[in-house]
Every structure is written in structure tokens, then in C-alpha cells.
Amino acid sequence: MAASNADSAASTTLQQVSQPKAYLPRYIDIGINLADPIFRGRYHGSQRHPDDLKAVVQRAKEVGCSRLIVTGSSFRSSRDALKLAGEFPDVVYTTAGIHPCSSSIFCASYKRHQEEDHSDDEHTPACDPDPSKPIPDEQEIDTAKSETIIKDLESLIAEARSSTSSTSPALVAFGEFGLDYDRLHYCSRTVQLHSFAAQLKLAASLTPQLPLFLHSRAAHADFVRLLREHFGPCLERLERGGVVHSFTGTVDEMRELTDGLGLYIGVNGCSFKTAQNCAVVREIPLDRIMLETDGPWCEVRPSHEGWKYLVELKPSADANGSAGPTNGQPPAEGGAQPKGRKQGKKNQKKEPEVPERFKVVKKEKWEEGAMVKGRNEPCTIERVARIVAGIKGVSIEDVCEAAWQNTVKVFGLGE
Ligand SMILES: [Zn+2]
């Protein structure tokens, strides 16, 4: 059971903290691409180090991240996610859908979509925009193929709904789907709009419906318009609600999604890139927030505006380290194995400004128990929570508990 896993991770931390009533954070990573071959040690089709998926899940548990909602963003990744739910019962839950960047399967020029499930080098779509690539817009929708895809997706969802992650259904949401105008080089606007609308129609027809796991980038007006077309002006026909994950929009857009449409907002490293991003996060109501890592993508980087909340919350070099400098919180990371930090040297790039809970190595120097540099994974969700707490000026506990409650409510997960 998940509870016993969480308990054992929790008791270890409790001993280390030695505070009688220290809060033990609990997390659900609502967006983790754990079906990506990178978590099996495969990068662009070549095996670069041993499969360390179990260690990734174990590290997540060690920080209190006891549940993982694994993103399905294509037929292939949705099926692989479902297999993971069997491998990690009561930990892994899944979604199933077709990401806007995987929506070329609706095009006449694309090979049969079930064979999109080509080789092992298919990585999940990153949420980071990549404007450097050209934008072809030559794609045409194949109507007959589109009908087959939607039928196949419907069958996949029906099959997934009858699978269980031990005691409850493995499939907890429809998605990931939506619009991404930052990355039209994977799929044109026309095809994305078609893919989104066709999947919304299917989502609305399901009995009972599933919550929606949505992606929206630089496409807010079209995104909201299509949602309203299928579920009503206030999404009153959307029975189970939904979350717009990896949010990077404006405050007004966020308010329209939360206050206007009753949706939830998922935040990860991409939501902290700029001061404007962080100003938006500050305004997300706690009763609308969910936390995610979107690993292997979207890690929090030192160049991100949000990074400073990790640095500032760390005990200073000359402090005794018995308590965190703000909110009375103990340091989230570094408790087990704080890294040394050179004192008095400015911006020594080699020294981490933020202590690392787990050792991080390059994939070429992979070693058992270490994280891989540049491969984000669910144990970093504590950084996401810490930054949200810092930005909003509230405690980690407030953030974690709000996100936990929102998540179990929407996705129908037990306490
Ligand atoms: Zn996404």
C-alpha cells in the first residue's frame, strides 16, 4: 500500500529532523513522463547507462512523493504508462491522450498511427519551447484516419479504465492534450486544433467522464474557445474538472482558467523562468494549485528567476543550520548529505548554490543511486513546492497540503 511506503520514508526523515512535530511533506507529481526511455537509460536510441527507473521511483518516495501520475502523450507512451502502473501499484497512475506535438498522426502524410510506436528512441515531448526550428505548415488532416485514431483512443481508454493500480483504477485522466503554438515545428496550428477538438469531443462523450490533463502554450484564446465549445461557457458539462499543467501564461489567463472555468493549474520548473512567470505563480490560489516536475524536462535551473528561492531558503554559511531562515522550515534538501560550499568566493560555478539531496552525475559517469545531470525526475518536486512557498510567502506545509488535497479530489485518488 502507498501508505506504508510513505510511512517508512517519513519515519526516516523524522529521525533525521529530530523535531517532535516537524511537518513531513507529501507530494503527488501530477505530470511525470516516466514512460520516457531516458528513465531506462536510453538516450536517442542508445543505451547510455543501466535502467534505473526503480531508483528514480525510490528517490521520489524518499522525499515524500508517494504517487506519480505518469503522462501518456501518444499511443505508445499511454500504453507504456499503463504498464508502469502494473509495475508500481499504488504509486503510478496514468493519463492517456495525444499531445499537440504528437498530433501529426492526424495528417495524411503520416504513417499509420499505431506504428508511430516505432523504436525506443521516441522521447516524450518536452514542454520547453524550441523556437529555433523552422515552422512547416504543409500538413493536411486525413479525415478517415482521424476517425480511426479517435476510435483507437477510445478503445485504449476503455481498456485502461479497467486496469488497476492495485486497489484503484490506473487511468486517472484524459490527456495530455491541448495546444502548443510555441512548437508549431512539430505540428501545424490547423492540425493541433483538429487534434484538440476531436479529443475534446471524445472526452465529453465518455460515460462517466474523466478529468482532463491539459497543455496550453501561447494558445490561450483558442484553447479556452474549444473547451467552451465542448463543455459549455463555464465548462458546466465538464463533470470531473481538469488541470492545465506546466503553466506559463499570464495572470489574466490563469484567472480565466481558475475563476472562470474552475480548472486547476499545474506548476513546474517552466513556471519559474522569469520574474513575470513568478508573479503569476504568486497569484494562483492555493485551492487551485497542483505540483509537478514534468521530468525528464522542465527542471529548475540556476538561470530561472525561481532558483533564488532555493538559495535564499538555504541556511547561510555561517548559520548553525538548525533551522531554515524563513517560515521556520527545515532545509528541504541537503539534510542527508549536504555538499560543501566554498565560503567567500563569488559565483563559483562549480559549487552548487543549492544543496543537492542526492548526488548528481553526468550520464557518461552514471553510478548507482545518483541522479543524472539534466534528467529531471520526481524527487525534485520538493524544489517546486519550496519555490511556490517562497514566491507566495506561505509555508511549505500550506503548499503541499493544498496541492495534495486538490490532486486527490480531482483525480479521485484516496487519501
Ligand atoms: Zn505539457
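Colleague: How are residues numbered, and what pLDDT do local features need?
Modeller: Residues are numbered from 1 along each chain as its sequence is written. The model is predicted, and while totals for chains, interfaces and linings use all residues, side-chain atom pairs count only at pLDDT 80 or more and local features need pLDDT of at least 70.

Colleague: How many helices and strands are there in the chain?
Modeller: Helices (H or I, at least four residues) and strands (E, at least two) are DSSP runs, numbered from the N terminus. On that basis the chain has 11 helices and 14 strands.

Colleague: In what order do the eight strands of the open sheet come, and which are the edge strands?
Modeller: Two strands pair if DSSP finds at least two bridges between them. The order is E1-E4-E5-E8-E9-E10-E11-E12, with parallel pairing. Pairing on one side only marks the edge strands, E1 and E12 (289-291).

Colleague: Which residue stands opposite Tyr 27 in E4?
Modeller: Strand E1 (residues 27-32) runs parallel to E4 (residues 65-70), and four bridges join them. All six of the six residues of E1 are buried, where buried means 20 or more other C-beta atoms within 10 Å of the residue's own, exposed 12 or fewer, and partly exposed in between, with C-beta atoms placed from the backbone. Opposite Tyr 27 stands Cys 65.

Colleague: Which residue in E9 is the bridge partner of Leu 179?
Modeller: E8 and E9 run parallel and are joined by six bridges. The partner of Leu 179 in E9 is Ser 216.

Colleague: Why does Val 267 count as buried?
Modeller: Val 267 is in strand E11 (residues 264-267). Its contacts (C-beta atoms, placed from the backbone, within 7 Å) include Phe 247, Ile 289 and Val 388, not counting residues up to four places away in sequence. Val 267 counts as buried because its C-beta neighbours inside 10 Å number 31.

Colleague: What does H5 pack against with its buried residues?
Modeller: Helix H5 (residues 189-205) has 17 residues and reaches 24 Å from its first C-alpha to its last, close to the 24 Å expected, the expected span being 1.5 Å times one less than the number of residues. Among its buried residues are Val 191, Ser 195, Phe 196 and Gln 199. An α-helix has 3.6 residues a turn, so residues three or four places apart point the same way. The buried residues of H5 pack against H4 (143-161), E8 (171-180), E9 (212-217) and H6 (220-231).

Colleague: Which residues in H11 meet those of H10?
Modeller: The axes of H10 (residues 381-392) and H11 (residues 396-411) come within 8 Å and cross at roughly 115°; axes are lines fitted to C-alpha atoms, for helices over the stretch in contact, and angles run from 0 to 180 degrees between N-to-C directions. From H10, Ala 385, Arg 386, Val 388 and Ala 389 take part, and the residues in H11 are Ile 396, Val 399 and Cys 400.

Colleague: Is Cys 298 buried or exposed?
Modeller: Cys 298 lies in the loop between E12 and H9 and has a positive phi of about 60° although it is not a glycine. Most residues other than glycine have a negative phi, and most peptide bonds are trans. With 27 other C-beta atoms within 10 Å, Cys 298 is buried.

Colleague: What is omega for the cis peptide bond between Thr 207 and Pro 208?
Modeller: Pro 208 lies in the loop between H5 and E9. The bond joining Thr 207 and Pro 208 is cis, with omega about -15°.

Key: Two residues are in contact if their C-beta atoms, placed from the backbone, lie within 7 Å.
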